[in-house]
Every structure is written in structure tokens, then in C-alpha cells.
Amino acid sequence: MVLSCQNISKSFGTDVILKQASFHMEEYEKAAIVGINGAGKSTLLKIIIKELEPDEGVVSIAKDQTIGYLAQNQVIDSGRTIYEEVLSAKQPVIAMEQQIRGMEAQMHAVAPEELEAFMEKYERLAHQFELADGYTYRSEVIGVLTGLGFTEGDFTKTQAELSGGQKTRVALCRLLVTKPDILLLDEPTNHLDMESIQWLENFLLNYKGAVLIVSHDRYFMDKIVSKVIEVFQHQVHSYSGNYTAYAQKKAQVRAAQLRAYMNQQQEIRHQEEVIAKLKSFNREKSIRRAESREKMLDKIERLDKPSEEMTDIRLHLEPCIASGNDVMKIEGLSKSFDGTTLFRNVDISLFRGERVALIGNNGTGKTTILKIINEMLPADAGEITLGTNVRIGYYDQEHQVLHAEKTLFEEISDDQPHLTNTQIRNVLAAFLFTNDDVFKRIGDLSGGERGRVSLAKLMLSEANFLILDEPTNHLDITSKEILEQALVQYEGTVLFVSHDRYFINKTATRVLDLYEEQVDQYIGNYDYYLEKKDVQRAARKKECPSADSATTLRAEKETDGKQDWKQKKMQQAMQRKLENELHKTEERITQLETQIKELEAEMAKPEVAVVSAKVMELHTLAAQKEEELEALYVKWEELTEAGV
């Protein structure tokens, strides 16, 4: 065991954050801490690294174990370049290398009688240098920097030139090359693109040490961790397995707790009814029996109803009107900035009911495409055509119009006057604004909080074509799941940019990959894209279509897209037809069974049984209905087998 937390409690004033929290980690174990925003995840990490003192409890770290910590936000003012900053983490190895070079320079001047001792010292130092990967430390630094998304052109940038996200990436690079025995990472994927996240996944999977991660990236956790530590309502519970296993086990535990609670409540109600009935008899014996039962009831240890924050909240998105089948057509779209081409001759067709994810590395132009569609940027070339009755709702954290003087509640209620107070509070709760948070002024919110308010407003709009730029940023897992459920049930069309692979898997019906200035399409979710991307990219390079064939290729892609859409719509129509047929069949079966029972009851009446003509008439009618019923049973089985 390399790390142990025993009975950790922490409060800030009257706000209880953690209460008797306990967990441990083994050598080389990879674990994740999960919980809603504000649950105490980052607080727990700060207690482990002794940045905060717990009110109660003990943190134990095994002897000689080094610990490294990545905070969400970094303050780096060293004045060094990116490369120098990360290389400085290798200072012990650099010092060793300088000592070795110094000894090599002195070697020719060492007296013969001192040479043997000198060489022994040199060989020991060289061996230590080799064990510390001294011959590869520079290439290791370059490998980590490029793996986390920095180009060689970035290496010479100073810290003053970097954004907050870039500084966090530099801090992560520096931490990874130090190779501590225990890595504590607070939201390490926040500022990484998909390729960098995949690189980090592979790095951590092969890391020779323990790793404890705070994350909202469910796909990332599924790939890496073998234990999930949940912070929920101030308590800590550990689950073996990855995130998906944790979610399943938690659902099973909660279902079992809910069953036990409901069973106990049923038994309590039963006992109370018996007690009331016994007392109503108003006899000495019955009253004594009632009192005896009351004493037994008082001794029962009452179970609390299991609760889970926001599980009952559901967002329902409904377009005001349906658009035409052809929602948007982009032809030959191109854009460059300062002589650098982002994309050229891009063709995209979107159809009603699709949920399309636009993915690609940072800087490839995904957000630029969204801004061009919304006429916030001009295209260099190309045309965008919107279909009939298309109404766009656009989410971009930088350009949403919010009123700084209004409260959150007023911002929603003024925009949606038909909503009740409860409905407004439920919507805001889904985006992490609860209790008195709803009365905060928009002007007092952080950038991330404003983004969440903007997303809440968009989800309530009556648009039938939603365009979303990184909608899951600043949302915790529960809020992401609420948004996923809303989008999956949405009858309009969605085009979104996201780095959240789990979110893409849950919601996307098609993936557009912006890669090497072009868009490749994959009819499926993120897992399907991963399965097919290498084959499709290789095929694209092999074909290398000339300028003459570009128009033909676009036409083929458009035709393929329409064919896929038409096939999908035909399948959906067929499924609805089968479901309707099954419903009608079940209704007729119920109707016939009732009629047959009524006929049998009629024939059994004494006054009818003696009239042979009437009995024969009823028997014939019943036989006809039995024959029809038998045929319907066969039909019902066939429809059920068809997968309805």
C-alpha cells in the first residue's frame, strides 16, 4: 500500500465537504476520483499533498515514495521557454551529466597513483547516469512535449506568451518527466485534443507508479483506471473496475437500497394498519397486542431513502416546427488565416434528425466552420444553403448574449415566461445551479458559469437545428448525462464540436473528422470512427484525388450521405409500421379474448342452454372468434421475432 487516507473530515465554516472519508491505493494502481462539482474531489487531493490540513483523519504515504501533483490552474512565471521549463525537471540528471563531462575533461591530468580511484568514481557516476535514463532524457522531454500537443515551433515560446490552458499542459509535461512514485492529476485532459488524450492514456497505462486522477472524462477513465473512488454527499465509497463498471455497480447498489427501503416502508405501513385495527376493537387484549406491536415497530432501525442528486431532472427539447429533410448543404468551403490553410473544398450535408459530431485536433478549424455557418466569419470560398424552415440555435461561450444585470432565474424566466418556478429551477439545477445560486447576478459569474447559463437558454429555445461548440465543458458527469439524454430524444438536428469521446459515443449518429484540410465522414459513433479511421485515411492517401476529380468525389460523397440518410429513414419507417401493427394486434387479441369469455358465459346460462338453436348460434360465433384469435397469436409471435 503506497497511499492511505483514514477518516478524513474537512469543513469550511458551516459547509461540510468531507466526513470520515477513507480509501487506499496499492503500488502501480490506477484510480479515479469522481463526484459532482463541489463534492470535494480537489479538496481531497490538496489534503493528500498537505496543501490543506484535514479537520480529522490521517494521510499516510509509504516510506521513500515521491508524490507529484497537477492542479487545474497553473501559475508559471519562470521566464523560461517551454522546452527549458520542462527540461528543468531533469536538473538532477543534468547535474550528473555536467559532472561526468567535467571528469572527462580532467581525466588526462589525473596523477597515475589517483587514476584507479578516479576511474572507479567515474564508472559509478556513469552507471547512475545510465540508470536515470541520462542518455535519453532530452529525447524523453521532446517526446512528452510533442505527445501533449506542442510542436517544435512552440518549444521556444516563453511562459508569458502562453494561455492558461497551455501553462497547465507545460506543468503536466514537467510532472510526467519527473516520474514520481505517486501521480495526482486534477482534470489532466481539460486542455488536450483527442490525439494528446490518447497519448496520455497510453503513457499512464504503462506508467511505473500509482496514479490518482480527478476527472469528468468517462472514456479516459474507462481506458485507464481499475478503481473508482466516489465522493458523494460528503462520504467516500470505492468500487473496483473502470468507470462503466462503477456506474453499473452504483446503479445496482442504489436499486437494492431502494428496494430495501420500499419493503421496509411497506412493512411499517402494514404494522401501523394492524395496530390501528387492533385499537379500534377497544378490548383489553387487542389493545395489549397493539401496544406490543408498537414497541416492536419502535425498535426497527429505519432505513433512509437512498438519494442521488439530480437523478429525477430531465430536459425535454422540442422544436417549434419541423424543418425539411435537407437541413444544410455546404459545398466547396475553404478558409485560410495568415497564409495558413485550415480547410479547403469541404462538403457537408446534414439531414433532419441527425446528430453529427465534428472532431479534429486543436487548430484544424472546427470552431471556424461553426462560425462561418452562423455568419460570424466569412468563408474564402464555398456556399452554405439552409433547408426549408430551418431555425438555428447556436452555442458558443464567447458570443452568447446574456444580461449582466439580471439574476440567473430572471435570465431564464424572462426568456421563457411560460415556465413554472419549479421548471426553471430544474433546468438550472441540470446545469449545476442549485438553491440560492439561481439568484446570482450574471455579471458576477465566471466564464464557465456563463457558458452553462447560455447552454441552459439554448436548450429551452425552440430552434430545430442546434449548433454546439464544446457543450460539455464545465459540466460534471451527472449534467453531461442529462444533456446526453435530452439530445438523444431531440427530434431536431444537431451539429456539435466536442473532445468528449464518451459524449460523442452516446449522442452522435455520424462523425465528421476534420483531418489534413479535408472532412472524412463515418456513419456511426466515436468507437466506429476509431475502428475505421486508419483504413479510410489510408484509402484517401492512396487515391489522392486530382482537382479534376474533386467535383466527382464531392458528388459521390453527397450521394452516399443522402443514400445513408434515406436508408436510415426507411428503416425507421418500417420499424414504426411494425410497432403500430403489433399494438393493433395486441388490442384485437384482448378484444377477442373478452368476447369469447362473454359468449361462453352466455352459453352457460340455464335459460340459454335449453334452447339448442341459440346455443348452436353462439357456439359457431365463438368458434369463428377462436379461429381468428389463433391466427393473431401466430402473427403476434412473428412480429415479436421481427424485433419489435
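User: Where is the place of Asp 500?

Analyst: This is a predicted model, in which local features need pLDDT of at least 70, side-chain atom pairs count only at pLDDT 80 or more, and totals for chains, interfaces and linings use all residues. Residues are numbered from 1 along each chain as its sequence is written, and side-chain values use heavy atoms, with hydrogens and water left out. Helices (H or I, at least four residues) and strands (E, at least two) are DSSP runs numbered from the N terminus, and in these terms Asp 500 sits in the loop between β16 (493–497) and α16 (501–507).

User: Is Asp 500 buried or exposed?

Analyst: A residue is called buried under 20% relative accessible area, exposed over 50%, and partly exposed in between, using a 1.4 Å probe and protein chains only. Because the relative accessible area of Asp 500 is 6%, this residue is buried.

User: Which residues does Asp 500 touch, not counting residues up to four places away in sequence?

Analyst: Contact here means heavy atoms within 4.5 Å. With residues up to four places away in sequence not counted, Asp 500 touches Arg 218, Thr 472 and Lys 480.

User: Why does Gln 264 count as buried?

Analyst: Gln 264 is found in helix α9 (residues 243–281). Leaving aside neighbours within four places in sequence, Gln 264 is in contact with Ile 300, Glu 301, Arg 302 and Leu 303. Gln 264 counts as buried because its relative accessibility is 14%.
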